[in-house]
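Please keep the coordinates open while reading.

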Amino acid sequence: MKFSLGLWLAMCLAGLQFVTVTIIVSSSYVSSERVLLDHARSLLSDVAANTIAHSKGFLDPARGAAELAARLAQHKIVASDNSQLLERLLFQQLQSAPQFAGVFYGDQGGNFVYVRRSEGPTPFASKIIARDQDERQTNLIWRANDYEIVTQQPDPNDTYDPRTRPWYQSAERQEGSIWTNPYIFFTSQSPGITIAAPVFQDNEALQGVVGVDIEISAISDFLADLKIGESGVALIINRNGDVIAHPQQDLLKAANDDGTFRFVGIDEIGDLVAREAFGHLADRGEVNVTQQLSTEFTYDGADYVSTVVPVISEELPWTIAVYAPKEDFVGALTASRTQEIWIAALIAVLTGLVGLMIANQIHKPVRAFAVRAALISQGELDPSEPTPKTYRELDRANDALTNEILQRKNSEREYGLTFDLASRGMVQFDPETGRFLRTNPKFSEILGYSENELLTKTTTDLTHPDDPGLLPDLHKHAGEEQTFSAEKRCIRKDGEPIWVSINGIVVRDDQDKPLHAVATVDDITQNMHAEAQIRKLSRDLSHLARGEMLGQMAAGLAHELNQPLTAITQNVDAALITAEDEFDENHEIIQILKDLDMQSHRAGDIIKALRGFARKGEEWKSPFDIKELISQSLRLVQAEASEHGVKFSFTSDDLPDVLGIRVQIAQVIVNLLRNAIDAISESGDNQKKVTLNAVRIDNCIQVSVEDTGPGIDPNIDLFTQFETSKSDGMGLGLSICRSIVEAGGGSMWLDESTEKGARFCFTVPVA
Amino acid sequence: MVPTETTVYIIDDDDDIRSSLSRALGKRGFQVATFDSAAAFLNVCDPEKPGCIILDQGMPGMTGLELQQELVTKRVDLPVIFITGHGGVPESVQAMKAGAIDFLEKPFRTDILVERIDAAFEGLFENRKASEKTRGARRKLASLTPREKEIVDMMVADPSKTSSKDLARSLDISPRTVEHHRARILEKLQIKSVVELIDLAIVANSS
């Protein structure tokens, strides 16, 4: 597809402006957004690190307290079997850190001392289980801040045994301090965690286990206080998938069937965004994040960024997960983006308009040049007119173009004149449909149609129905210059068939597609007739020449044969006389010699008959005996007749001499005889006979030759055939025979009254 | 009927024709001599000896027609029968005009040739007999004196004026003298009448 130069320039200039502005705007937008997002991710990472640090700081005192208590017990600094001292020690530990919910010690004997914070009536409460043999005594004590006992009472229904608790068994099994999974404390219904450390005797046997309960709701409070963008959230997920810290603490708990509580899993948490972002972490039953991972996701039409940080430590297998809406970071940017796009569009439009003006300015001389070229081409402007002010390059092109146009117009004029004034018919036609595009007066003259009539016709309309196919075969010669020529019959407007000779060429465009065909057309009807006449004469002459040559040969041959024949006849005569002296007249040798005599004279007669045709000096009319001529002719073809088993019979009255050219009449007779023999031999009929008859009718002698052959097909006009169907022998065509007879003043015809076979008759004038 | 002293001369360049024809004619009692060319015949030709020439028209060297012409020029009166391999009408016409007996096309029947030979000899002998009479008459006329010869010529020139008076007036001499000459003439010529005299003069004047 081709655009004008002006459009190209406008499109290029405006398009370039637009593309540039767009690239700059979008690039700055993308890069600033990326910076902000990077910032967001690092913020999330910082939050995570902060959370980890805070959690560790929160839990580490508990470990210190537990291990200290365990060491004190182990080294018998505190007698573990003195429950009052033990309670006091544990009480001091409890007070050392506000996050401690309770401190306790259980031993192998099932004794248990437990000090905890209380919601009321006093700030602290203790539970002491003492066993002696199978007896056990449980005492509950409520104490004030200063360790004063406010009230105490036994609990006879208590069945608690520390040795059956998971923290005890884990520490015993691990032989070191253990952290339990976070859980919801039964008493306070707050989330918490327990650390337990074993106490060994000197012989390294387990003496008991010290434990510290830590409330971790403080971690959630910490998370709630964190400022992560506008509305970012950080949460902590335990390895088992439980969410153990979340800014909204009420989302953490779920009630069990027995009235107790448990943590919700990350995949069931009420924070739907967190569930969407991190729910997949628990898909395999265990949250296992090995490295920090930042991702982006979409929930409910809003874009979010998120970061997960691997577990804090093996003892605290907690994963920190942080997410925040993108909008918190790039919201301002998005707001300014619309404004930027509008500005960019405005700039693009303005620069496009400027580009159009520049393009128009550049294009103007070119357009003027194109208009001028078109006007010159259509002949509405003289090429010699001064050219409009354009570029130097176009000036040169203009010169070349003007020159070319002048030459083309000249050659077109010459072509047009040649076409119209040509003495030969000329046509232009569509090579595919054959429709005429242009014709000249001579062509109209040849075909008898006016030019306007011809322009509504195709070549097929004009060609003779027996001679179709004037169109050139376009497929055969694709790729090369294609000429075509033919001699065809056409039908004139008046219905007259004529012969034309066509010579043409197919004109193709650059893509090898045929444009039109140009052809010259000549009326060669006269030539064709003349050629046919010449061919006929040529054939006639060759026949005559053949006859003449054979005649000369026959004459020479006759002379040569006559010499030995004469010797034979004379010797036979001498022999006969000799034999007659010696033998009886009926002796076989005499009969043989007489036969010999007869046959040799017969041979002589044949040669004489042959010579009759070749006698010189008989090319003029002279009187002769036609019966003798017929007899000689019969002898001449006797051999041929015998070969085919054909018998002759000749009858005639006493006839006067006829006047004619003897040798020619002889040729006519021989020709008829040979035709008859051929016809009979082809027929295969048993009765093979040729009957000749000569009678006088008025002043003519009529000779008839009748055969017993198959007869003549009535559809064939024998006398107008160009030549005889036979190519051998001395025979002439029947048409020549008729010419000879008619030249001599007679006539020749085929007697069609015969029922069987053919009967040819001819007449010769009486002398 | 043919005298034995006659000869048939066969002139033909074809050996086979000469031998076969001489054999055939020999068998029929003719005395035959053969020549392979016209020149060979002319070398030995005896015009006085009665004979008949059988002549081939187409021969190398002198043709048959040329030989015939030569014989006419030499006043040889031997009859000629032409035989020819390709008898052209013009040649046959020329031959017949020059006195040929016939112009036979080869091959011919021996009987026909023999007929022609017989006719030729008959004619020859008649000619020869006539020639003899003429020579006798001429011899007798040669014995006359010039005046006697003059009188004979006048009588032959105008047989209606043979009387002595007519002759005396023409010669401007006396009738008596004319009578005398006439008597001498009849005596010398051994004849008895003027009619015989005119007949003798005609014979003598014939060729």
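A:Ala49 is partly exposed, because 13 other C-beta atoms lie within 10 Å; a residue counts as buried with 20 or more other C-beta atoms within 10 Å of its own, as exposed with 12 or fewer, and as partly exposed in between, with C-beta atoms placed from the backbone. The model is predicted, so that local features need pLDDT of at least 70 and side-chain atom pairs count only at pLDDT 80 or more, whereas totals for chains, interfaces and linings use all residues. Residues are numbered from 1 along each chain as its sequence is written, while chains are lettered from A and ligands numbered from 1 in the order in which they are written.

A:Ala49 belongs to helix 1 of chain A, where helices (H or I, at least four residues) and strands (E, at least two) are DSSP runs numbered from the N terminus. Although 271 residues separate A:Ala49 from A:Ile320 in sequence, their C-alpha atoms are 8.4 Å apart in space.

## Span and bend of helix 1

Helix 1 of chain A covers residues 5-74, 70 residues in total, and its first and last C-alpha atoms are 100 Å apart, close to the expected 104 Å (1.5 Å times one less than the number of residues). At A:Leu59 this helix bends by about 25°, and A:Pro61, a proline, follows within four residues; the bend is the angle between axes fitted to the seven residues ending at a position and the seven starting there.

## Strand 4 of chain B

Strand 4 of chain B (residues 80-84) is largely enclosed by the rest of the structure, because 5 of its 5 residues are buried. B:Val80, B:Phe82 and B:Thr84 point one way from this strand, and B:Ile81 and B:Ile83 the other way. Strand 3 of chain B (residues 51-56) runs parallel to strand 4 and is joined to it by 4 bridges, with B:Ile54 opposite B:Ile81; pairing requires at least two DSSP bridges.

## Contact between the chains

In chain B, 18 residues are in contact with 22 residues of chain A, contact meaning backbone-placed C-beta atoms within 7 Å. Helix 1 of chain B supplies the largest share of its side, 7 residues.

Terms used: Two residues are in contact if their C-beta atoms, placed from the backbone, lie within 7 Å.
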